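Colleague: Could you take me through one part of this model up close? I'd like to hear about the aromatic rings.

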Amino acid sequence: MYDKKVFGILMKVFTTTSAALLLVAAAVFVYRGQMIKSSVMVTATIEGTHYDSQDGDRSYSQQGTDVRYEVDGKVYEGHLYYESSSFYVGKEIPVYYKAEKPEKLLPVYGTGLTSLVFAIVGGTFLIITLILFVAGRSGEKKVRFLKQEGRVIYAPVSRVEINRMMSVNRRHPYIIICQYKNPEDGKQYTFRSRGIWYDPAPYISNVTDMPVYVKRGNYKYYYMDADKYLPKQES
């Protein structure tokens, strides 16, 4: 059942998350481009895939790639905080350094992958946002269609219960359940309202029948108009 409040919350969450991730991806991409543009590229030879570091009395192994490169006839040894399955000892790869500090390599490797990962995850959240938007519009369209083209019936109120299949911030919505026996075919139908984020029982205590809009010939396609009995500021 379409729930405008839930869809609104989900839209905000996924829109904010996708925007943040895509902004990070763009920022990393621009940062990488600026590093490459302001640096000097030189060909380096891979000498190893990790090295041991010393921090006071402690020694530890730090992952990465050891390289050797030459600038103006002087040989330098550097370390990239990046590894790849395509790397092997003796392979030549491009590395980047600042012209005034050839002994310090820039962290170009890995930033491209980081940007791509953030872009993929952000794009995934964006796709989910679009799906939620389409689903929300579809729910609103359904309500309009049933109110304009459907048939209204009055189904006896059966009970109010908590929908534990749905949760937002550890809160579960209430739903109004009505049961109706179609005099045309003798079948019993159960109708459920949208999720209501407070107990609606006090507001419908004097309501015996709830208006339900159904599609002609298909009672499974319906919309229960419980909002007319609920406080406008809460519904």
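Which residues do ring pairs link into a cluster?

Modeller: Ring pairs join Tyr180, Tyr189, Phe191, Tyr219 and Tyr222 into a cluster. Before we go on: this is a predicted model, where local features need pLDDT of at least 70 and side-chain atom pairs count only at pLDDT 80 or more, while totals for chains, interfaces and linings use all residues. Residues are numbered from 1 along each chain as its sequence is written, and side-chain values use heavy atoms, with hydrogens and water left out.

Rings of Phe, Tyr and Trp (its six-membered ring) count as a pair if their centres lie within 6.5 Å; planes under 30 degrees apart are stacked, over 60 edge-to-face, and the rest tilted. Tyr189 and Tyr219 are both buried, meaning under 20% relative accessible area (1.4 Å probe, protein chains only).

Tyr222, also in the cluster, has Lys142 over its face, at 6.0 Å from the ring centre. Lys142 lies over the face of Tyr221 too, at 5.0 Å from that ring centre. For a charge to sit over a ring, NZ of Lys or CZ of Arg must be within 6 Å of the ring centre and within 35 degrees of the ring normal. Across the structure there are 10 aromatic pairs.

Terms used. Buried means under 20% relative accessible area, exposed over 50%, partly exposed in between (1.4 Å probe, protein chains only).
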